Amino acid sequence: MTPHVRVLPLVATGLGSKTKHYATIQLHNPIRRNALTPGMMTQLREALLEVRALAQTHESLVAVVVAGANGSFCSGFDLTSKTADTDADTLDPAFAAHMSKVMHENMLLLHGLPLVSIAAVDGFALGGGAELMSWCDFRVMSPSARTGFFQSKMGVVPGWGAGTRLRSLFGASHALRLLTTPRILSAFEAHQLNLATHVSDAPEADAAISAAQLVHRDLFERDFVDAYPGAVRAMKRVVLDAGHEDGVDAYIAGLRRCLERERAEFVGLWGAKDNLEAIKTALAASKKSKL
Ligand SMILES: C[C@@H](C(=O)O)C(=O)SCCNC(=O)CCNC(=O)[C@H](O)C(C)(C)COP(=O)(O)OP(=O)(O)OC[C@H]1O[C@@H](n2cnc3c(N)ncnc32)[C@H](O)[C@@H]1OP(=O)(O)O
């Protein structure tokens with residue numbers, strides 16, 4: 001199946017006036033661990049707009065889950081996608097600027113949805129995948145899932161906005177620690193660092209559980225069960241609105257300006273000497289591990 005991003009049918013949970021629904025946006029490029037091609041980035045925007053429209057017509061829709069397919073979350077940008085989706089060289093600064101802008105706008109759209117956003121992380125959330133995870137309000141990891149901001153090891157800064165996002169989530173020193181430490185973290189370590197907001201309470205018993213199952217069982221059938229849908233939606237408005245004294249539009253505009261500066265750093269480093277050396281080393285290591 002060609003790589004794609006789609007919105008799955010809404011799921012209902014709870015009873016009576018507390019019935020709540022959630023939507024799922026699924027990233028589907030399993031042979032590349034759900035890395036995003038340029039085409040998938042455009043489809044991600046369409047999926048986010050579809051979910052935003054659903055939120056307008058369905059008052060009981062309280063959350064959107066972002067998930068991968070076949071046991072993986074997302075391994076960032078699909079480094080093999082240039083020939084399939086575009087003629088541009090993906091190491092070209094013009095491509096870097098374009099990709100980063102598209103993903104920054106996607107992240108702002110996700111962040112500004114009137115719904116609680118939930119990353120359901122199985123397998124790996126790596127590079128841009130860790131960034132996408134970080135932009136979600138809740139970050140649920142299955143017991144065997146892994147994540148990591150390994151951009152510094154690739155000689156770049158984040159291309160999908162994690163500098164801005166982690167600074168706003170955790171403050172400067174914690175954001176810097178995560179971004180300058182290109183280590184792959186277990187779900188347990190990610191939870192200790194507050195990067196994961198939810199992991200299994202009994203990881204050994206839940207060894208085979210998926211993040212989507214954890215979301216359904218632990219969030220919707222337990223944590224959210226007593227909340228009224230209207231109150232959940234209002235909480236999201238309150239929290240977003242509290243981001244800036246002039247309200248949500250000023251908050252998002254401020255984030256956009258920060259992302260513009262972050263993008264300039266990314267474009268300057270993507271495809272430059274250190275990045276090329278890192279890609280060469282990574283490719284050689286990958287080939288060696290398969291011999
Ligand atoms: C925008 C920027 C940013 O950070 O801001 C980015 O995202 S740059 C992109 C950053 N991401 C990466 O560099 C991810 C590199 N990938 C990996 O480190 C690894 O594949 C893992 C994600 C840890 C998964 O390891 P695991 O052992 O489970 O599987 P594997 O390595 O055999 O991967 C399965 C197949 O998917 C491919 N594959 C995995 N990630 C890919 C990616 N991002 N782009 C293109 N192909 C990718 C592998 O080459 C392999 O292809 P074959 O089956 O043909 O051998």
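At what angle do helix α5 and helix α6 pack, and how far apart are their axes?

Mentor: The model is a predicted one. In it, helix α5 covers residues 162-170 and helix α6 covers residues 172-180. The two pack at an angle of about 135 degrees, and their axes are 7 Å apart. Angles over 145 degrees would count as roughly antiparallel and those from 65 to 115 as roughly perpendicular, so α5 is oblique to α6. The crossing of α5 with α6 is right-handed.

Next come the residues that make this contact. From α5 they are Ala 162, Gly 163, Leu 166, Arg 167 and Phe 170. On the α6 side they are Ala 172, His 174, Ala 175, Leu 178 and Leu 179. By type, the residues of this contact comprise 7 nonpolar, 2 polar and 1 charged.

Now to the strands. An open sheet is built from 5 strands in the order β1-β2-β3-β4-β6, with mixed pairing. Its edge strands are β1 and β6 (138-141), each of which pairs on one side only. On average, neighbouring strands in this sheet are turned by 25 degrees against each other, direction ignored.

Strand β1 (residues 4-13) and strand β2 (residues 20-28) run antiparallel and are joined by 8 bridges. Here Val 7 is opposite Ile 25 in β2. The hairpin of β1 and β2 has 6 residues between the strands, and Gly 14 takes a positive phi near 85 degrees there. By contrast, β2 and strand β3 (residues 61-67) run parallel, with 6 bridges between them. In that pairing Thr 24 faces Val 65 in β3.

Two helices lie across strands of this sheet. Helix α1 (residues 38-57) lies across β1, β2 and β3 and runs at about 25 degrees to β1. Helix α9 (residues 229-241) lies across β2, β3 and β4 (116-121), and runs at about 65 degrees to β3.

There is also an open sheet of 3 strands, in the order β5-β7-β8, again with mixed pairing. The edge strands are β5 (124-126) and β8 (185-186), each pairing on one side only. Strand β5 pairs with strand β7 (residues 146-148) in the parallel sense over 3 bridges, and Ala 125 is opposite Thr 147 in β7.

Key. Residues numbered from 1 in each chain as written. Predicted model: local features only at pLDDT ≥ 70, side-chain atom pairs only at ≥ 80, totals over all residues. Heavy atoms only, no water. Axes fitted to C-alpha atoms, helices over the stretch in contact; angles between N-to-C directions. Helix = DSSP H or I, 4+ residues; strand = E, 2+ residues; numbered from the N terminus. Parallel < 35°, antiparallel > 145°, perpendicular 65-115°, else oblique. Left-handed = near helix turned anticlockwise from the far one by under 90°. Contact = heavy atoms within 4.5 Å. Nonpolar A, V, L, I, M, F, W, Y, C, P; charged D, E, K, R; others polar. Pairing = 2+ DSSP bridges.
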